[in-house]
Amino acid sequence: MTTALITGATAGIGAAFGRRLAADGHNLVLVARDTKRLREQATELHDRHGIEAEVLTADLATEGGIESVEKRLADPRNPVDLLVNNAGFGNKGRYLEVSMADELTMLKVHCEAVLRLTSAAAASMRERGRGGVVNVASVAAFVPRGTYGASKAWVVQFTQGAAKDLAGSGVRLMALCPGFVRTEFHQRAGMGTDNIPSWMWLDADKVVATALADLARGKQVSIPDARYKTLLGAAKLVPRNLLGGITSKTGRKYGPQ
Ligand SMILES: NC(=O)c1ccc[n+]([C@@H]2O[C@H](COP(=O)([O-])OP(=O)(O)OC[C@H]3O[C@@H](n4cnc5c(N)ncnc54)[C@H](OP(=O)(O)O)[C@@H]3O)[C@@H](O)[C@H]2O)c1
């Protein structure tokens with residue numbers, strides 16, 4: 001039996017990782033801010049699948065929250081074999097409409113926490129000669145799209161660079177880049193979703209199934225679903241300044257994904 005630590009495990013993509021990994025027989029460490037929700041989920045996964053599910057309440061926008069998860073990842077007595085850096089959120093509004101405090105919180109959760117937790121986990125995994133890290137980015141990483149897209153672009157670049165440096169160590173790192181997924185994300189950010197065409201929506205459980213299959217294949221970047229692979233392929237053919245205009249308008253209409 002192996003242990004997986006999932007950040008943002010109470011909802012959406014993180015909860016889907018929890019369901020799938022528990023069903024596959026992995027013990028879990030569930031991380032998020034809402035302790036009550038974490039406990040309910042841990043109990044349900046334990047009762048349904050017979051696995052052990054620890055609860056670790058942590059706000060990854062704070063120093064103390066990041067530190068507590070780093071400490072858990074570095075604990076040699078209870079090693080973590082798979083880290084899923086998934087916690088994240090969107091801010092409603094264009095550049096200069098979002099407060100500086102909210103922009104900085106996003107960088108803390110999407111970049112600093114991902115850097116520090118990946119490093120804590122990878123150092124310990126490298127010593128053991130095995131392990132995996134999935135960093136949840138977004139297709140927004142590949143188009144000009146404000147701080148959200150920039151933070152996810154950082155996640156992709158960082159993960160690919162770290163994966164290259166750790167090649168041959170037994171530690172696999174992969175950036176996961178989904179398109180629109182039905183979760184609590186847009187509602188939490190106060191973004192409307194009525195205008196998003198139904199064909200653009202992905203199912204969180206299917207995103208996770210693709211992610212884990214791609215990790216097993218040794219991919220460094222996973223883009224779930226042929227629809228988004230095609231869209232991103234087409235985007236490469238569009239000049240970058242034109243793409244900036246298109247995605248900025250699309251972003252206003254649909255919100256970041
Ligand atoms: N939904 C999409 O369309 C989409 C597309 C591409 C990528 N993504 C990415 O996928 C990841 C998961 O998003 P989701 O769609 O599943 O969103 P979600 O349903 O809103 O879930 C977000 C999770 O993150 C946790 N979280 C948020 N801020 C946190 C913080 N400061 N510290 C610790 N935990 C925190 C939340 O729990 P608590 O509130 O209890 O802390 C929750 O469990 C994010 O990184 C997002 O950027 C989403």
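**Ligand shell and helix packing**

Reader: Glad to look at this with you: how many residues surround the ligand?

Author: This is a predicted model, in which local features need pLDDT of at least 70, side-chain atom pairs count only at pLDDT 80 or more, and totals for chains, interfaces and linings use all residues. Residues are numbered from 1 along each chain as its sequence is written. The closest are Gly 8, Gly 12, Arg 33, Gly 88 and Thr 183, and the residues around the ligand number 31.

Reader: Which helix gives the most to that shell?

Author: Helices here are DSSP runs (H or I, at least four residues), numbered from the N terminus. H1 (12–23) and H6 (185–188) each supply at least two shell residues. The most, three residues, comes from H1.

Reader: How many charged residues does the shell have?

Author: Ala, Val, Leu, Ile, Met, Phe, Trp, Tyr, Cys and Pro count as nonpolar, Asp, Glu, Lys and Arg as charged, and the others, Gly among them, as polar. On that basis the shell has 15 nonpolar and ten polar residues, while the charged ones number six.

Reader: Are H1 and H2 roughly parallel or roughly antiparallel?

Author: Axes are lines fitted to C-alpha atoms over the stretch in contact, and angles run from 0 to 180 degrees between N-to-C directions. Angles under 35 degrees count as roughly parallel, over 145 as roughly antiparallel, 65 to 115 as roughly perpendicular and the rest as oblique. H1 and H2 (residues 35–49) pack at about 25°, with axes 10 Å apart. The two helices are therefore roughly parallel.

Reader: Which residues of H7 make the contact with H1?

Author: H1 and H7 (residues 204–217) pack at an angle of about 65°, with their axes 9 Å apart. Contact means C-beta atoms, placed from the backbone, within 7 Å. On the H1 side are Gly 12, Ile 13, Ala 16, Phe 17 and Arg 20, and on the H7 side Ala 204, Asp 205, Val 207, Val 208, Ala 209 and Leu 212.

Reader: And how many nonpolar residues does the contact of H4 with H5 have?

Author: H4 (residues 100–128) and H5 (residues 146–165) pack at about 15°, with axes 9 Å apart. That makes H4 roughly parallel to H5. Among the residues that meet are Met 106 and Leu 107 in H4 and Trp 154 and Phe 158 in H5. Four residues of this contact are polar and two charged, and the nonpolar ones number eleven.

Notes
Near = placed C-beta within 6 Å. Contact = placed C-beta atoms within 7 Å.
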